[in-house]
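Here is a short report on one protein chain.

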Amino acid sequence: MKSKWFEYKEEVQALRKKGVSMTVIERTYGIPRSTLSGWFKDIELSEEQRTKLMKNSSDGWQIARTKAHEWHRAQKQLRLDIATKEADEVVKRLPMTNDVLDLAFAMLYFGEGAKTNNTTGIANSDPVILNFVLDVLGHNYDISRSQVRCDLHLRADQDSEASKQYWSEQLSIPLERFKGCYVDKRTINRPTYERYKGVCLIYCGPVAIQRKLTNLYNSFCLRVSQLKKMDG
């Protein structure tokens, strides 16, 4: 019994003899690959034709990979845009009171702040975070940027003077307020990523601020736990 594609047999065989790929023929005519394989089994392609088909196949895979990469990148950007929009909406709903600023500062201090020294200090590698800290200190505690002291913790291949200059500019803190500069010897002979500028530690006020922040995040966490128990 002849297949329903038999009328195209001679036509597609002629295309194959010209070096047209099986994939192109399959997609053009809608003929199953299993059928085409039987029709083409006795057709021998020249070395030039085989080389061209292999190159086209390789180029096709490269194009497919590029398109797949672009699609995944676009999807990632879409998810990032959604997350940014959701975060912006949350921030817009928050009342920017002193209490809200203190609570945000306290939760940040819980993760990044010094808990043992008789001072208030917080370290981070992100200028955005430290600028937030400095803004709250100025707004809620009347501590100016020229009053804080800074230390840097760097990797072995980072230049201390250049790093001080970078952090001074990023945080709008006078250069003379940068005191200590400590190098992690474990990083010797290990190159540093260009975007990493070390960790800046800000000593930002009397120990009374640390005590307030510590008690604030403890009280807040306990209250949330109590609400959960009440809901249960």
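A nonpolar core is a set of buried Ala, Val, Leu, Ile, Met, Phe, Trp, Tyr and Cys residues joined through side-chain atoms within 4.5 Å. Buried means under 20% relative accessible area, exposed means over 50%, and partly exposed lies in between (1.4 Å probe, protein chains only). This is a predicted model, where local features need pLDDT of at least 70, side-chain atom pairs count only at pLDDT 80 or more, and totals for chains, interfaces and linings use all residues. Residues are numbered from 1 along each chain as its sequence is written, and side-chain values use heavy atoms, with hydrogens and water left out.

**The cores**

In soluble globular proteins, nonpolar side chains tend to be buried together. Here the largest nonpolar core has 27 residues. Those with the most contacts inside it are Phe105, Ile122, Leu137, Val148, Leu171, Cys200 and Ile202. Helices (H or I, at least four residues) and strands (E, at least two) are DSSP runs, numbered from the N terminus. Which element gives the most to this core? It is α6, with six residues.

A second, separate core has eleven residues. Trp5, Ile25, Trp39 and Phe40 are among them.

Now zoom in on Val148. Contact means heavy atoms within 4.5 Å. Leaving aside neighbours within four places in sequence, Val148 is in contact with Leu134, Ile143, Ile173, Arg177, Ile202, Tyr203 and Cys204.

**The cysteines**

A disulfide is a covalent bond between the sulfur atoms of two cysteines. The test used here is a pair of cysteine sulfur atoms within 2.5 Å. By this rule the count comes to zero disulfides. Cys200 is in no disulfide either, as the nearest cysteine sulfur, that of Cys150, is 4.2 Å away. Is each of these two residues buried or partly exposed? Cys181 is partly exposed, with a relative accessible area of 28%. Cys200 counts as buried, because its relative accessibility is 0%.

**Two pairs along the chain**

Val24 sits in helix α2 (residues 22-29). Val24 counts as partly exposed because its relative accessibility is 43%. Asp126 is in the loop between β1 (121-124) and α6. At 32% relative accessibility, Asp126 also counts as partly exposed.

**The largest pocket**

On a 1 Å grid over the protein atoms alone, a pocket is an open set of points where a 1.4 Å probe fits, with protein on both sides within 12 Å along at least five of seven lines; lining residues have an atom within 4 Å of a point. The lining of the largest pocket is Ser21, Met22, Thr23, Val24, Arg27, Arg33, Leu53, Asn56 and Ser57. Two elements give two or more residues to this lining: α2 and α4 (47-93). The most come from α2, with four residues.
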